[in-house]
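User: I have a structure open and would like to work through it step by step. Can you take my questions in turn?

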Amino acid sequence: MRSELGARIRELKIFLFDLDGVLRSDNASFENCYSRVSRAAREFKNLGTLFGIVTAGKEDEHLSRLRSIENCIVFSSSIDKVSLTRQFLEEKNIDYKNVFYIGDDLLDIPLLRQCGVSCAPRNAKREVKRSVSFIAKAESCDDLLDEIINLFKRSKEAANRATKC
């Protein structure tokens, strides 16, 4: 199972994250969230992948500011997260099997089930955890971002080592 998951992770073209509850907790300031997202978007760009946020939240100044971050795609204002992402994926010719999504709430389950690799933070709702490829060890935003970035880096390094043999 672990090697199968690693192979699927290597093929990912876009990493999508739920905003509220995953990238931003109730007690986190928007400035902290913005800083973390900026760092992650740069990291994913350096790794050759896209980074995005999927949220049911309404458009506001915070989402507008997140949209201004290079390599940060923001899908918002609909509870139908699958439809929010479908049009973008079609435009970019990206198949759902090449999409990673991490979500924590019931609203995330339809998109989690569509994606090639799905994840839930350790503190996600039980029903969500039952719907994903794996459960992250981390709970906090910084730790989650680091865990996912490092997982992707390790899968790429393993593939590079395998091709050199």
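User: Which residues have the most contacts inside the largest nonpolar core?

Analyst: This is a predicted model. Its largest nonpolar core has 36 residues. Those with the most contacts inside this core are F17, L23, V37, F51, I53, L66 and F100.

User: What does L66 touch, leaving out residues up to four places away in sequence?

Analyst: L66 is one of the residues with the most contacts inside the largest core. Sequence neighbours up to four places away are not counted here. The residues L66 touches are L19, F30, Y34, V37, I53, C72 and V74.

User: How many residues are in the second, separate core?

Analyst: This core includes I14, L16, F75 and A124. Its residue count is 21.

User: Is N98 buried or exposed?

Analyst: N98 lies in the loop between helix 4 (81–92) and strand 4 (99–102). Leaving aside neighbours within four places in sequence, N98 is in contact with E11, L12, K13 and I14. Its relative accessible area is 9%, and the cut-off for buried is under 20%. So N98 is buried.

User: Is A162 buried or exposed?

Analyst: A162 is found in helix 7 (residues 141–164). Its relative accessibility is 54%. Exposed means over 50%, so A162 counts as exposed.

User: How many disulfides are there?

Analyst: A disulfide needs two cysteine sulfur atoms within 2.5 Å. The cysteine sulfur closest to that of C72 is in C33, 9.0 Å away, so it is too far for a bond. C115 is in no disulfide either, as the nearest cysteine sulfur, that of C119, is 11 Å away. The disulfide count is zero.

User: Is C115 buried or exposed?

Analyst: The relative accessibility of C115 is 8%. Buried means under 20%. So C115 counts as buried.

User: What distance separates the end C-alpha atoms of helix 2?

Analyst: Helix 2 covers residues 30–46, which is 17 residues. At 1.5 Å a residue, helix 2 should span 24 Å. The model agrees, because the end C-alpha atoms are apart by 24 Å.

User: Which residues of helix 2 are buried?

Analyst: An α-helix has 3.6 residues a turn, so residues three or four places apart point the same way. The cut-off for buried is under 20% relative accessible area. In helix 2, the buried residues are F30, C33, Y34, R36, V37, S38, A40, A41 and F44.

User: Which residue with a positive phi follows helix 2?

Analyst: Helix 2 spans residues 30–46. The residue that follows has a phi near 85 degrees. That residue is G48.

Key:
Residues are numbered from 1 along each chain as its sequence is written. This is a predicted model: local features need pLDDT of at least 70, side-chain atom pairs count only at pLDDT 80 or more; totals for chains, interfaces and linings use all residues. Side-chain values use heavy atoms; hydrogens and water are left out. A nonpolar core is a set of buried Ala, Val, Leu, Ile, Met, Phe, Trp, Tyr and Cys residues joined through side-chain atoms within 4.5 Å. Buried means under 20% relative accessible area, exposed over 50%, partly exposed in between (1.4 Å probe, protein chains only). Contact means heavy atoms within 4.5 Å. Helices (H or I, at least four residues) and strands (E, at least two) are DSSP runs, numbered from the N terminus. The expected span of a helix is 1.5 Å times one less than its number of residues.
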